[in-house]
Structure formats: structure tokens, C-alpha cells
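Reader: I've got this one open on my screen. Walk me through it, please, and start with how the strands get their names.

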Amino acid sequence: MASGVVIRDTLPEGLVTEAGNSRNIEIAVGNLAAGASETREVRVKATGTGSFNNVATASAAGGLTAESNRTTTTVTKPALTLTANCNQTQFLGRNICFEYTVRNTGTAPATGTVVTANLPAGTTFVEASQGGTASGAAVTWNLGTIAPNGTATVRYCVRTNSIGTVQSTASVNAGCADAVTANCSTEMRGIPALLLETVDSPDPVEVGTNTVYTVVVTNQGSAVGTNIRIVCTLPGQQAFVSA
């Protein structure tokens, strides 16, 4: 009979018990008959990634001791980065497109990877790549599993009728990975577009009498036209009267 059997284990740095957040384990087994064995289980958790070597010991009355075999546990984790890309400026009437690239820089596959991007206020959804779907005020992509060092790129486009800044924000989540976000902004600008029309009245006109030219300038664009100057060139057979 082995009397007063105790199991002891000092967990390696980076592992702690799930119950008490301690590295020290001590389990009183009691008496152990000749040829008998007992099994005890302690759940532990990792505080980081890496390889952890562990050895336990058992002791009993009378100076009995024993050391276990060495076990090595490798802990891995996916780690995600998210990079945004978009045009700094765009003109009204054209689509605004935002692109996001997800990279798994970790040591484990990123399973159940989901990217979600907002639909900026005042915009209308146009299209999305990679099977992205728009619902409410967001676009969602279910990308599945991204292997370590793997990447995935998604893209979506919107349209607006307003001048100003359009900002997109996206986030990515995956199993056991920390969520990350990224954003990108596009400045929407208008374009001045001038239409020039000239009408004469009366026409035809008798020699020695007057006719009037009416010149109409219309800005058909989406931005203010500045420094507008009209130049009228008279033919040699005419003389200026008034304007």
C-alpha cells in the first residue's frame, strides 16, 4: 500500500488552471493499493500561443516519489488583419467602391470568417463581390476558412447624390480570433458642365435695323461654375449697339 499519495504539477509559464488561474496543481489521491492506479483530470487554459512542456510528480509516505513522462502541448491561434482600399476622390454620378483584404497572420486556420461592412448613410447599394449580400444597413460576406498566411479580398460599391465625405467601416470575425476593423473614406465632388445657347431675334433683319442676340449659359453639372466669362465676336458686317 502507498499511503498519502499526492500528485503535484507546476504548469509551464503560459498555462494556468481553468478553475483558479493558478500554475500550481496539488491533488490528494489518498491510499493506493499494490498494483492499483488512479486517474485525475485538471482542465487548464493557455494565455498565449507556443509549445508547452509539462512534467508531473507523485509522492507518498516513506519518501516514495515518481516523475511522469514529459508531454508537449502546442497552442495555436488565428490572427486576422484587415486592410482597406478606396479612391480618395470620386465624382457624382459614379459608383464609390470599397475593398477590404483579410489576412490570417496566425498559426491556426481562421474558421467561420465573416466580414461585415456598413452601407454609408445617404448611399444606395449597387453590388458586392465574393457573394456579399446587403441587408439593412450592412453588407456581409461569409468567407469560410482562411488558412495561416492566407488572404481573401471582398469589394462592394454604392452610389450617392450628395457632395461630401462617404466613409465605409468594416470588421472581420472568425473562430478563436480577435475581431479587427478598418475604414476608408472617399470625398465626393461635383463637376461643373456648361451649356451655351444663342438665339437671334428678329431673323431675318433688314439692313440698317437692329437685331438682338440672347445668350444663355446653363450649368448642367453638380458643382458651382466659377470665373465664367462670355466673349461674343461680331462679324464685320455688324456694329455693336448695346448689351
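Author: Strands here are DSSP runs of E, at least two residues long, and they are numbered from the N terminus. Keep in mind that this is a predicted model.

Reader: Ok. Where does Pro204 lie, then?

Author: Pro204 is in the loop that sits between β19 and β20. A cis peptide bond joins Asp203 to Pro204, with omega about 5 degrees.

Reader: And what about the bond from Ser201 to Pro202?

Author: That peptide bond, Ser201 to Pro202, is cis as well, with omega near 0 degrees. Pro202 also belongs to the loop between β19 and β20. For background, most peptide bonds are trans.

Reader: How do β19 and β20 pair?

Author: β19 pairs with strand β20 (residues 212-219) in the antiparallel sense, over eight bridges. Leu195, for instance, stands opposite Thr218 in β20.

Reader: How many buried residues does β19 have?

Author: Zero among its eight residues, so to speak of cover, strand β19 (residues 194-201) has hardly any, with buried meaning under 20% relative accessible area.

Reader: Switching topics: which strands form the open sheet, and in what order?

Author: Four strands, in the order β9-β11-β16-β13, with antiparallel pairing. The edges are β9 (80-86) and β13 (124-128), each pairing on one side only. On average, neighbouring strands of this sheet are turned by 25 degrees against each other, direction ignored.

Reader: How many bridges join β13 to β16?

Author: Four, and β16 covers residues 151-159. Glu127 stands opposite Cys157 in β16.

Reader: What about aromatics? How many pairs are there?

Author: The count comes to two aromatic pairs. Phe98 and Tyr156 have ring centres 5.7 Å apart and planes at 35 degrees, so that pair is tilted. Phe98 is in strand β11 (residues 96-104) and Tyr156 in strand β16, so the pair ties together parts that are 58 residues apart in sequence.

How values were computed. Residues are numbered from 1 along each chain as its sequence is written. This is a predicted model: local features need pLDDT of at least 70, side-chain atom pairs count only at pLDDT 80 or more; totals for chains, interfaces and linings use all residues. Side-chain values use heavy atoms; hydrogens and water are left out. Two strands pair if DSSP finds at least two bridges between them. Axes are lines fitted to C-alpha atoms, for helices over the stretch in contact, and angles run from 0 to 180 degrees between N-to-C directions. Rings of Phe, Tyr and Trp (its six-membered ring) pair if their centres lie within 6.5 Å; planes under 30 degrees apart count as stacked, over 60 as edge-to-face and the rest as tilted. Buried means under 20% relative accessible area, exposed over 50%, partly exposed in between (1.4 Å probe, protein chains only).
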